[in-house]
Amino acid sequence: MKPLVRTAALSGYVELSRFLGIDPQALMKRVGLDTADLAVQDRWISGAATAQLLELSATASRHEDFGLLLAERRRFSNLGPISLVVREEPDVRSALEMLLRHEHMYNEALHTRLSQGNGLATLKVDLRLGEAMQARQATELAVGAYHRVLRGFLDPRWQPLSVWFTHAAPADSGTHRRLFGPGVEFDREFDGIVFYAGDLDAPNAMADPQLRTYARQYFEAIAVPRDTSEADRVRELIEALLPTGRCSVDQVARSLGVDRRTVHRHLASSGETFSSLLNTTRARLAEQFVANPRRSLTEISDLLGFSSLSAFSRWFREQFGCSAREWRNRRIPRQG
């Protein structure tokens, strides 16, 4: 099944559309949605339709910043029931980790990961809509919404070190810099926010310690666990291990605390193999990395765990039917 999102993801959409002079009802009808759907925040709608709607709206309004303008209208309560407990977590780290752990309760298409290293924290936002499609506006909405959440945890004036987007810069990036500060970069290898890891240990500015126990009890009664498969866990480890040059089934097995036979058995039960997951993960990352003209092919080869540039080049041609350089040259004009 394709992922769904809560209608709260479009909170403020009707008002913003009318403000910008476009017809929200007509645009929603084109993607199979109805403005009446937005009356109930906990109704679930197609994630792909939502992303398509945002792209159509950006084009119709001639506002490349449509997703960010919508993010500005988001409130913490739009997250639904999880907002009640997250806002009472004592520090930013625990609040953010809980939000990510239960993100499937408000957006099934959103796959966000928090990582740390060298004193920095990175919040990577990944939209998986179940089909290939443009999702620039949905991506900027998600990143903008997380930025607002972090400001709520920390301080309304807080700014990250940088905000990255995989797509090309808009003709006018004024809204991006007004919201995120000067550290906005485009044509990067992931979508997300980079900030000091020390911010994670800051007290949550929204928290009321006396309410935390009650909020947790309420949330635990309604929380729906994420159905995380062994294949998902192996896929995440592959992505983390590839740049180290030590991505093997044995290393993954050690990371999971099992032997390689157990890994193979669990993957087989879901119709996967280690090789198939390694290949699909490499292909997904290769598209991101090669699309970024700042990355040399040698660097990309290393990031994807190949022993040499020639090995990467052969693999890329087998996967995509052309050389990495040809693929990049064809893609860059489309992004401009």
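How are H10 and H13 oriented to each other?

**View 1. Helices H10 and H13 cross in this predicted model.** H10 (residues 230-241) and H13 (residues 274-290) have axes that come within 10 Å and cross at roughly 55°. H10 and H13 are therefore oblique to each other. Axes are lines fitted to C-alpha atoms, for helices over the stretch in contact, and angles run from 0 to 180 degrees between N-to-C directions. Angles under 35 degrees count as roughly parallel, over 145 as roughly antiparallel, 65 to 115 as roughly perpendicular and the rest as oblique. On the H10 side, the contact is made by Ala231, Val234, Arg235, Ile238 and Glu239. H13 brings Phe274, Leu277, Leu278, Thr281, Arg284 and Leu285. Contact means heavy atoms within 4.5 Å. Helices (H or I, at least four residues) and strands (E, at least two) are DSSP runs, numbered from the N terminus.

**View 2. Helix H3 packs against H7.** The axes of H3 (residues 47-61) and H7 are 7 Å apart, at an angle of about 105°. That makes H3 roughly perpendicular to H7. Ala51, Leu54, Glu55 and Ala58 of H3 meet Arg136, Gln137, Ala138 and Leu141 of H7.

**View 3. The largest nonpolar core has 35 residues.** Such a core is a set of buried Ala, Val, Leu, Ile, Met, Phe, Trp, Tyr and Cys residues joined through side-chain atoms within 4.5 Å. Tyr146, Leu150, Phe153, Ile193 and Phe195 have the most contacts inside it. Among the elements that give two or more residues are helix H7 (136-153) and strand E7 (191-196). Tyr146 touches Leu99, Leu123, Val125 and Ile193, among others, not counting residues up to four places away in sequence.

**View 4. His147 lies in helix H7.** His147 is buried, with a relative accessible area of 3%. Buried means under 20% relative accessible area, exposed over 50%, partly exposed in between (1.4 Å probe, protein chains only). Leaving out residues up to four places away in sequence, His147 touches Trp158, Pro160, Leu179, Phe180 and Ile193.

**View 5. The protein has 16 helices and seven strands.** Buried residues make up 50% of its 336 residues.

**Notes.** Residues are numbered from 1 along each chain as its sequence is written, and side-chain values use heavy atoms, with hydrogens and water left out. In this predicted model, local features need pLDDT of at least 70, side-chain atom pairs count only at pLDDT 80 or more, and totals for chains, interfaces and linings use all residues.
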